[in-house]
Amino acid sequence: MRTICLVVVWLCLSLSLDALSLSGRRTETLDEEGSEALIRGEKRLRRVRRGWMWNQFFLQEEYTGSDYQYIGKLQSDQDRSNGVLKYVLSGEGAGTIFVIDENNGDLHATRRLDREEKASYVLRATVVNKQTGIKLEPETEFIVKLHDINDNEPHFSREVYTGSVPERSDIGTSVIQVTATDADDSMYGNSAKLVYSISQGHPYFSVDPNTGVIRTALGPGDMDREQREHYQVVIEAKDMAGQRGGLTGTTVVNISLTDVNDNPPRFTQSIYQFRVPESSKSGAAVGRIVATDRDIGKNAEMFFTIVSGDGMDMFDISTDRDTQEGVITVSKPLDFEKKPSYTVEIQVQNTAVDPRFLSAGSKDMATVRIGVDDVDEPPLFDKASYLMELKEDAAVGVAVGSVSAMDPDAARSMVKYSIDRRTDMDRLFNVHPGNGSVFLLRSLDREETAWHNISIIATEFNKPRQISHVPVYIRLLDINDNAPTFANVYEAFVCEKTKAGQKIQTVSAVDADEPAMGHKFFFSLAPEGTHRSNFTVRDNGDNTAGILTRRASYSRLHQSVYLVPVVITDGDYPMQSSTGTLTVRVCTCDREGKMEACNAEARSSSPGLSTGALIAILLCAVILLMIVVLFTALKRQRKQEPLIISKEDVRDNVVSYNDEGGGEEDTQAFDIGALRHPDAAAALEESAKQRRDIIPTDTLLYPPHCRPAPAAPGLIMPPVGGMAPRDNGDVREFINQRVLENDCNPTAPPYDSLATYAYEGAGSVAESLSSLGSASSEAEQDYHYLSDWGPRFRKLADLYGAEDGDFS
């Protein structure tokens with residue numbers, strides 16, 4: 001009875017949910033007739049009874065109640081309500097999302113569920129004995145599906161869309177498409193059926209309600225970028241097919257109008273005025289003109305042209321690609337004196353023109369007036385360069401040509417001419433400073449230099465800094481002043497046995513001149529060779545000639561060499577001629593005419609070195625050998641000890657004698673007594689005056705101012721603290737005499753030499769340290785004065801100034 005009631009309850013619930021499924025239906029299978037048909041023999045089948053079977057449950061999403069949401073009830077036929085059975089639930093969400101009363105089988109949802117997160121759950125249920133845990137029913141699987149409600153508003157794929165459309169587009173031109181989606185179930189009702197509408201952007205744009213395509217709603221005249229460039233459109237998407245109560249989602253669409261070339265450029269002013277110095281070079285900027293275009297980018301690019309005016313040939317105009325300004329430049333040299341002003345008409349138009357908007361007003365015109373400022377200019381030659389011609393035999397002083405220059409300024413200053421000598425280093429030409437005539441200073445030869453290029457300078461008299469140059473090209477015209485000569489050094493051979501009229505050599509000629517009609521040479525035998533001649537000359541008429549034999553035999557023993565004089569004459573005026581000598585050697589030949597033997601001179605003519613070359617090589621070898629010998633001799637002389645050791649200037653040298661003396665006891669090397677008693681050595685004074693290293697060639701008298709005289713008192717100061725000893729005074733007088741003698745000696749060499757004498761002098765603070773004037777060393781000495789000599793002698797004062805008792 002309970003099973004039947006449960007089936008009835010679930011049947012009603014299933015019908016209320018659009019008869020989607022049937023849950024908790026109890027099925028009893030009873031087929032006694034079939035069972036009996038299967039009975040074989042004595043055995044009989046029992047009726048099989050199935051306790052329960054569930055297919056699916058339905059649960060509404062987004063439950064807002066405070067209690068657990070009831071789903072349904074599970075009940076087994078074996079449940080006798082005696083507390084022995086226990087219902088067990090497993091599967092997705094079992095125990096957390098879904099719970100079952102283990103005693104009565106009531107199934108609940110513990111929290112609010114969202115179909116958009118998970119649409120269905122798969123669960124399994126069974127019945128077990130509480131005490132033994134044994135399953136009393138097989139495990140059965142069922143599904144809990146969530147029933148959708150309209151709880152999600154539409155969402156666009158982007159929060160902000162960006163689109164663009166060309167300005168002046170036709171009505172209905174597509175701009176962009178927006179798309180929205182709804183998370184609700186599209187298979188259930190109209191919860192996910194969307195409709196698009198425009199809430200902001202009228203009347204410029206519209207949207208298709210089904211597809212979300214945004215289109216233009218106004219015509220070309222109303223969609224002008226120059227009037228308004230940016231638009232913001234708000235699009236709505238509403239579910240429930242747009243019905244009342246549906247949810248709505250919105251998005252923003254930023255639409256920009258792209259530019260088309262629908263506006264021509266316009267000048268900012270109709271007349272422009274500029275000034276430019278007449279000294280401006282070609283390409284110098286004169287000024288800039290400005291035109292504006294309401295379009296942007298490539299549609300605003302423009303170009304300028306000069307269409308008319310008297311300055312069309314004098315000026316050019318180009319477009320600055322960065323600023324789109326017209327830059328006017330100078331194309332030809334300007335001259336204030338000739339024309340002080342110009343006027344041109346300039347046109348501007350777009351580089352790229354849209355045919356849809358091409359009209360008569362797509363170009364604009366402006367007038368430009370350009371004034372030329374006067375500047376102080378250098379002289380101007382009437383030609384950019386001069387070409388002059390002169391015969392090479394022209395006499396010195398003859399006029400070559402003339403140049404002309406003038407001051408282009410209104411002052412018309414006088415001009416003087418000169419030649420830039422850097423272009424005429426040999427001073428071959430000169431120019432008259434007043435009239436610009438160029439004349440010859442030296443004879444010229446075309447064969448040396450055919451062209452002479454000089455530069456002439458024109459300078460204003462009043463303003464020497466105003467100068468200009470012009471190149472002058474002087475070409476020397478040829479005259480027939482050179483005689484033709486053999487083209488090569490010819491040397492012919494003839495066999496001893498030959499025949500008369502045999503050609504043994506062909507000769508040709510060259511000429512340094514260059515006649516206008518080309519060279520024409522004539523060959524003939526010299527008059528002195530015609531008498532009893534052994535050879536003859538035959539002119540071939542093509543500037544060559546053949547040398548022929550006049551005899552049938554020649555003898556080497558009789559004459560081995562013949563000299564044939566040939567006269568060569570040119571065909572120009574005045575006629576020039578020269579005589580060339582052809583050397584013919586006699587050789588022994590075989591029967592076929594091949595040379596077998598000639599004299600020594602003939603054999604030497606074979607490829608190799610000539611006699612002159614051999615002599616030159618031998619002479620060079622001898623010269624090199626002499627240089628080597630001379631260098632070796634100088635090398636040996638340099639190995640000797642030089643008298644002068646110093647590397648300073650040869651005029652200032654110190655002669656040093658490195659002989660160590662033996663002190664006062666050494667009387668062999670130098671007798672100090674001669675210095676102490678000069679009167680005793682008077683007999684040796686004459687010989688002492690002569691230099692030991694130079695033998696005078698003649699006897700000269702000393703000049704009066706160089707005669708030996710007593711030494712001046714100021715030459716050497718006496719020692720500080722008293723008069724100098726007698727011996728020291730003799731030494732001082734001796735040294736002063738020797739210095740005077742060396743200064744006035746006419747036999748001295750042309751360089752200075754310094755003789756060193758061992759005298760301390762009177763300038764020392766410590767006086768003389770020499771023992772020459774000292775008393776006996778055995779006497780007691782007082783060394784306390786060493787303390788007065790300064791810090792340098794402090795150590796010496798400590799050693800000698802101490803008492804003897806100090807060392808005991």
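The model is predicted, so local features were kept at pLDDT of at least 70 and side-chain atom pairs only at pLDDT 80 or more, whereas totals for chains, interfaces and linings use all residues. Residues are numbered from 1 along each chain as its sequence is written, and side-chain values use heavy atoms, with hydrogens and water left out.

Ser555 counts as partly exposed because its relative accessibility is 31%, where buried means under 20% relative accessible area, exposed over 50%, and partly exposed in between (1.4 Å probe, protein chains only). Leaving aside residues up to four places away in sequence, Ser555 touches Glu496, Ser560 and Val586, a contact being heavy atoms within 4.5 Å. A polar atom of the Ser555 side chain lies 3.4 Å from the backbone nitrogen of Leu557. Between Ser555 and Lys497, the C-alpha to C-alpha distance is 8.4 Å, while 58 residues separate the two in sequence.

Leu619, Ile623, Leu624 and Ile627 together make a nonpolar patch of about 390 Å². Patches are made of residues with over 30% relative accessible area and no salt bridge, with like charges joined within 9 Å and nonpolar side chains (Val, Leu, Ile, Met, Phe, Trp, Tyr) within 5 Å; a salt bridge is a side-chain nitrogen of Lys or Arg within 4 Å of a carboxyl oxygen of Asp or Glu. Leu624 belongs to helix H5 (residues 611-638) and is exposed, since its relative accessible area is 53%.

His202 and Pro203 are joined by a cis peptide bond with omega about 0 degrees, and Pro203 is placed in the loop between strand E12 (195-200) and strand E13 (205-207). Another cis peptide bond runs from Tyr573 to Pro574, with omega near -5 degrees; Pro574 is in the loop between E41 and strand E42 (577-589).

Positive phi values also occur in residues other than glycine. Met240 has phi near 55 degrees and lies between strand E15 (230-238) and strand E16 (248-258), in a loop. With a relative accessible area of 22%, Met240 is partly exposed. For Gln324, phi is about 60 degrees, and the loop that holds Gln324 lies between strand E22 (315-320) and strand E23 (325-330). Gln324 counts as buried because its relative accessibility is 15%.

Terms used: Polar contact = N/O pair within 3.5 Å; in protein donor to acceptor, adjacent residues only side chain to side chain. Areas by Shrake-Rupley, 256 points an atom, 1.4 Å probe, with all protein chains shown as cover. Helix = DSSP H or I, 4+ residues; strand = E, 2+ residues; numbered from the N terminus.
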